[in-house]
Amino acid sequence: MPGSMRGSSKADGSTRAMGALTVGGLVVVTAYTVALGGNGWLWFGWVVLGLLTVTLAVTQS
C-alpha cells in the first residue's frame with residue numbers, strides 16, 4: 001500500500017528539522033572557513049551532524 005511505511009508526522013518533522021540544522025550548519029561552517037580560514041574541528045563536527053541526520057532519515061523510513 002502506498003504510504004503505509006511512512007513514519008508519523010512527528011518523526012517526519014524531526015527529520016526535517018535535523019536536515020535544516022545540517023544545511024544551516026554547512027552554511028555557517030563554510031562562511032567561517034571563507035572569512036577566517038579553515039578549522040578542522042568545525043568540519044569534523046559538521047560531518048558528524050550530517051551522519052546523524054542521514055542515520056535518522058534512514059531509520060525513519
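How many helices and strands does the chain have? The chain has 2 helices and 0 strands, where helices (H or I, at least four residues) and strands (E, at least two) are DSSP runs numbered from the N terminus. The model is predicted, so local features need pLDDT of at least 70 and side-chain atom pairs count only at pLDDT 80 or more, while totals for chains, interfaces and linings use all residues. Residues are numbered from 1 along each chain as its sequence is written, and side-chain values use heavy atoms, with hydrogens and water left out.

**Helix α2.** Select residues 40-60, which form α2.

Next, select asparagine 39, which caps the N-terminal end of α2 with a side-chain oxygen 3.0 Å from the backbone nitrogen of tryptophan 41.

**Its two sides.** Colour Leu49, Gly50 and Thr53, which are buried (under 20% relative accessible area; exposed is over 50%, partly exposed in between; 1.4 Å probe, protein chains only). They cover an arc of only 105° around the axis, which puts them on the same side of α2; the arc is that of the directions from the helix axis to the C-beta atoms. The other side holds exposed residues, including Leu51, Val54 and Val58.

Finally, show tryptophan 41 and phenylalanine 44, both in α2 and 3 residues apart. Tryptophan 41 is exposed, with a relative accessible area of 68%. Then select tryptophan 43, which is partly exposed at 30%, and tryptophan 46, partly exposed at 23%.

Conventions. The expected span of a helix is 1.5 Å times one less than its number of residues. A polar contact is a pair of N or O atoms within 3.5 Å; within protein, one must be able to donate a hydrogen and the other to accept it, and residues adjacent in sequence count only if both atoms are side-chain atoms.
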